[in-house]
Amino acid sequence: MDLIVWRHAEAEVAAEGGDDLSRALTSKGERQAQRMAKWLDTHLPEGTRVLCSPAKRTEQTVRALGRKYKLREELVPESTADAVLDLVKWHPESGPQGKGPVLLVGHQPYMGALVARLLGMPEQACAIRKGSVWWLRTRMREGQLQTVLLTVVCPDLISRLWDDRS
């Protein structure tokens, strides 16, 4: 099973007392989402399940991909790595119970904690940049379940122009 995590692109700063879930992408974030969506569209296998946080910024990010997706409450910003692993039926000790690739569109810090846990790192050790994709795969090697990091892709590195670096 492949697990692909895509952190939402750059979003507006929340207004004082504003609703975090209603934060929209900035114009830079829209460009980041378009770049990553184009890259993902050429690399995602057919039949990839796409699950997205109900936050406005994540839904705007995933819409750039142009594929069907499902909003999942388990992916809200306050979620945990445990809740997300339960959602995708991936247990760190026994591996994924499902088949086929899953793309998650969500938030820090749980995405970094999830990736770190699956790679055997301390959970606070992994930060995922806005708009970036981390692609993980499980495999059996000599009777041992392994999680392998296939790639990390950042929107700034796939831009030919690098026009909006900060």
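Mentor: Gladly! Let us start with helix α4, where Tyr-110, Met-111, Gly-112, Ala-113, Leu-114, Val-115, Ala-116 and Leu-118 are buried. Buried means under 20% relative accessible area, exposed means over 50%, and partly exposed lies in between, using a 1.4 Å probe and protein chains only. Please keep in mind that this is a predicted model: local features need pLDDT of at least 70, side-chain atom pairs count only at pLDDT 80 or more, and totals for chains, interfaces and linings use all residues. Residues are numbered from 1 along each chain as its sequence is written, and side-chain values use heavy atoms, with hydrogens and water left out.

Trainee: Which elements do the buried residues of α4 pack against?

Mentor: Contact means heavy atoms within 4.5 Å. The buried residues of α4 pack against β1, α3, β4 (90-91), β6, β7 (133-141) and β8. After α4 comes Gly-120, which has a positive phi, near 75°.

Trainee: How do I describe two helices that pack together?

Mentor: Two packed helices are described by the angle between their axes and the distance between the axes. Here the axes are lines fitted to C-alpha atoms, for helices over the stretch in contact, and angles run from 0 to 180 degrees between N-to-C directions. Helix α3 (residues 81-88) packs on helix α4 (residues 110-118) at about 70°, and their axes are 8 Å apart.

Trainee: What word describes the directions of α3 and α4?

Mentor: Angles under 35 degrees count as roughly parallel, over 145 as roughly antiparallel, 65 to 115 as roughly perpendicular and the rest as oblique. The pair α3 and α4 is therefore roughly perpendicular. On the α3 side, the contact is made by Ala-81, Asp-82, Val-84 and Leu-85, and on the α4 side by Tyr-110, Ala-113, Leu-114, Arg-117 and Leu-118. By class, this contact has 7 nonpolar, no polar and 2 charged residues. For these classes, Ala, Val, Leu, Ile, Met, Phe, Trp, Tyr, Cys and Pro count as nonpolar, Asp, Glu, Lys and Arg as charged, and the others, Gly among them, as polar.

Trainee: Now the sheet, please. What is the order of its strands?

Mentor: Two strands pair if DSSP finds at least two bridges between them. The sheet is open, with 6 strands in the order β3-β2-β6-β1-β7-β8 and mixed pairing. Its edge strands, β3 and β8 (144-153), each pair on one side only.

Trainee: Which way do β1 and its partners run?

Mentor: Strand β1 (residues 2-7) runs parallel to strand β6 (residues 102-106), and 5 bridges join them. With β7, β1 runs antiparallel, again through 5 bridges. You can find Trp-6 opposite Val-105 in β6, while Leu-3 has Val-102 as its bridge partner there. Asp-2 stands opposite Arg-137 in β7.

Trainee: Is β1 mostly covered or mostly open?

Mentor: Mostly covered, as 6 of its 6 residues are buried. Asp-2, Ile-4 and Trp-6 point one way, Leu-3, Val-5 and Arg-7 point the other way, and all are buried.

Trainee: How many disulfides does a search of the whole structure find?

Mentor: A disulfide is a covalent bond between the sulfur atoms of two cysteines. The cut-off used is a pair of cysteine sulfur atoms within 2.5 Å. The search finds 0 disulfides. For Cys-52, the closest cysteine sulfur, in Cys-154, is 19 Å away, too far for a bond. Cys-52 is also buried, at 0% relative accessibility.

Notes:
Helices (H or I, at least four residues) and strands (E, at least two) are DSSP runs, numbered from the N terminus.
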